[in-house]
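Dear colleague,

Please find below the structure that I am handing over to you, together with its sequence.

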Amino acid sequence: MKVSVQLYSIRQVGDFEAQLALARASGFEWVESVATHELPPTEFAQALTRHGLRLSSMHASLEALEDEGRRAQLVRACAATGCRLVVMPWLPMSRRAATAAGWRAMGERLATLGRALAADGVRLAYHNHEWEFLSYEGRTALEWLFEAAPAGELGWEADLGWVRRAGLDPQAWALRYASRLEAVHAKDIAPDRADRGEDGWCTLGAGIVGWDTLLPALRPHCELFVFEHDAPADPAVQLRDSAAFLQSRLN
């Protein structure tokens, strides 16, 4: 099992070096990056090595992936770090389709990118939020997108906190698409999220998503679990406690 942390969770703590230092001090051996954090591939890889960290996966925008030069840089960074998973994590409002056909078209675009990356030995996956579970013509956006992108060309980094926020069953959805499951984003929803900050998220295992049940159910289907918290009030404590929670249940 790989227990990793998405560095977006600690973007406020300082520069890239400070983020890596905190991730390592909190008990993580793996990190998921936001592209190369504006570093050339070799410098990016060296920074990870200096902190005793390995790259589990990398987030990269649709724009970066569709630009051949930028995609080549990402592939070089993957080669330098031994990373074999790139995740497209976010669609701005202007790119979110309003029809089933539009979501199918996005799936086709991602499948094309998946084939291009596969030629370089890199797997492409899609990361969801809650809007992929809106319904179009009787099916969710995620269903339309995956229908147009074969599993061999597009995997899934299932953010189960967002699935729960959409009002759905995280375990049912993760197991439904188990053949695509390249990674699980592990984030938790505070029980009293309407009355607190942190965008309603909390330390892993302290919320309502049900990770004590989810982790053993998903372990046979996935080897990468990535902790994420969009707005931690105390990053050091929340990373430490969430890493300990994951490691106690997966290792």
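**What was found**

The chain contains 10 helices and 12 strands, where helices (H or I, at least four residues) and strands (E, at least two) are DSSP runs, numbered from the N terminus. Please bear in mind that this is a predicted model, in which local features need pLDDT of at least 70 and side-chain atom pairs count only at pLDDT 80 or more, while totals for chains, interfaces and linings use all residues. Residues are numbered from 1 along each chain as its sequence is written, and side-chain values use heavy atoms, with hydrogens and water left out.

**The chain as a whole**

For 251 residues, a compact globule would have a radius of gyration near 18 Å, and the 17 Å of the chain agrees with this; the radius is taken over C-alpha atoms, and the globule rule is 2.2 Å times the number of residues to the power 0.38. The C-alpha trace spans about 45 × 45 × 35 Å along its principal axes. Of the 251 residues, 53% count as buried, a term that means under 20% relative accessible area, with exposed meaning over 50% and partly exposed in between (1.4 Å probe, protein chains only). Among the contacts with a separation of 6 or more, 73% come from residues 24 or more positions apart, contact meaning heavy atoms within 4.5 Å.

In helix 2, the buried residues are Pro41, Phe44, Ala45, Ala47 and Leu48. They cover an arc of only 155° around the axis, which places them on the same side of helix 2; the arc is that of the directions from the helix axis to the C-beta atoms. Thr42, Thr49 and Arg50 are exposed on the other side of helix 2, and the cover over its buried residues includes helix 1 (16-25), strand 2 (30-34), strand 3 and helix 4. Just after helix 2, Gly52 takes a positive phi of about 70°.

Helix 5 (residues 100-118) has 19 residues and reaches 27 Å from its first C-alpha to its last, close to the 27 Å expected. Its buried residues, including Trp103, Met106, Leu110 and Leu117, pack against several elements, among them helix 3 (62-66), helix 4 (68-81) and helix 6. In the loop between helix 5 and strand 5 lies Asp120, which is partly exposed, with a relative accessible area of 47%. The C-alpha atoms of Asp120 and Val75, 45 residues apart along the chain, are separated by 7.1 Å.

**Aromatic residues**

The structure holds eight aromatic pairs; rings of Phe, Tyr and Trp (its six-membered ring) pair if their centres lie within 6.5 Å, and planes under 30 degrees apart count as stacked, over 60 as edge-to-face and the rest as tilted. The rings of Phe146 and Trp156 have centres 5.8 Å apart and planes at 70°, so this pair is edge-to-face. Phe146 lies in helix 6 (residues 141-148) and Trp156 in strand 8 (residues 155-159), so the pair ties together parts that are 10 residues apart in sequence. Both Phe146 and Trp156 are buried.

The rings of Trp162 and Trp201 have centres 5.0 Å apart and planes at 80°, so that pair is edge-to-face. Trp162 belongs to helix 7 (residues 160-165) and Trp201 to strand 11 (residues 201-202), so the pair links distant parts of the chain, 39 residues apart. Trp162 and Trp201 are buried. Arg165 lies over the face of Trp201, at 3.9 Å from the ring centre; a charge sits over a ring if NZ of Lys or CZ of Arg is within 6 Å of the ring centre and within 35 degrees of the ring normal.

Note on methods
Expected span 1.5 Å × (residues − 1).
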